[in-house]
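Please find below a colleague's note on the model under review.

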Amino acid sequence: MIPKSERGSITVVAAVAAVITALVVAAVAMTAQFHREHTYAQGVADLAALTGGPHLGDGCARAAAITAAHHLQLSSCTRTHLVITVQVATTVMGIPIHATARAAPVSTSNTTRAPALSNGVLPLPHFGEITHRGQPA
């Protein structure tokens with residue numbers, strides 16, 4: 001038998017456990033939402049920078065159009081020489097989230113191509129002149 005002084009104590013423990021569980025689930029859900037929004041903002045910032053990078057004249061205008069099409073705000077867009085830097089912002093539950101990306105036009109004039117791995121002929125090592133008996137000449 002349970003003494004009268006301890007009756008209902010399991011109800012209190014269960015209620016506290018339920019509240020703690022609910023708080024942990026809410027914290028995990030909020031963290032997942034922030035991570036998802038940041039990942040989305042980073043993808044839009046990358047896309048905006050890559051879209052605006054090759055266009056020297058109107059790169060920031062193109063980046064702004066991409067950002068607006070994805071319902072985010074373009075915080076800043078700067079071009080330093082050939083590099084465009086785009087910063088995108090959004091808010092989740094009143095907390096600002098920022099993502100930054102950089103891009104530049106691709107130059108083909110000074111691009112170095114890697115040598116082919118094989119031209120169809122396997123090179124054989126040269127060990128010097130070897131006679132038919134296996135001794136150097």
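1. Helices here are DSSP runs of H or I with at least four residues, and strands are runs of E with at least two, numbered from the N terminus. On that basis the protein, which is a predicted model, contains two helices and three strands. Their order from the N terminus is α-α-β-β-β.

2. Of the 137 residues in the protein, 17% are buried.

3. Helix α1 covers residues 9–52, that is, 44 residues. From its first C-alpha to its last it reaches 65 Å, close to the 64 Å expected at 1.5 Å a residue.

4. Which residues of α1 are buried? They are Glu37, Ala41, Val44, Ala45, Ala48, Ala49 and Gly52. These buried residues pack against α2 (59–69), β1 (73–80), β2 (83–92) and β3 (95–103).

5. A nonpolar surface patch of about 440 Å² is formed by Val12, Val16, Ile20, Val24 and Val28. Valine 24 lies in helix α1. Because its relative accessible area is 48%, valine 24 counts as partly exposed; the class falls between the cut-offs of under 20% for buried and over 50% for exposed.

6. Strands β1 and β2 run antiparallel and are joined by seven bridges. Threonine 80 stands opposite valine 83 in β2. The hairpin of β1 and β2 has two residues between the strands, and histidine 81 adopts a positive phi near 55° there.

7. On contacts between residues at least 6 apart in sequence, 39% join residues at least 24 apart.

Technical notes:
Residues numbered from 1 in each chain as written. Predicted model: local features only at pLDDT ≥ 70, side-chain atom pairs only at ≥ 80, totals over all residues. Heavy atoms only, no water. Expected span 1.5 Å × (residues − 1). Buried < 20%, exposed > 50% of the residue type's maximum accessible area, 1.4 Å probe, protein only. Contact = heavy atoms within 4.5 Å. Patch = residues over 30% accessible without salt bridge, like charges linked within 9 Å, V, L, I, M, F, W, Y side chains within 5 Å. Areas by Shrake-Rupley, 256 points an atom, 1.4 Å probe, with all protein chains shown as cover. Salt bridge = Lys/Arg side-chain N within 4 Å of Asp/Glu carboxyl O. Pairing = 2+ DSSP bridges.
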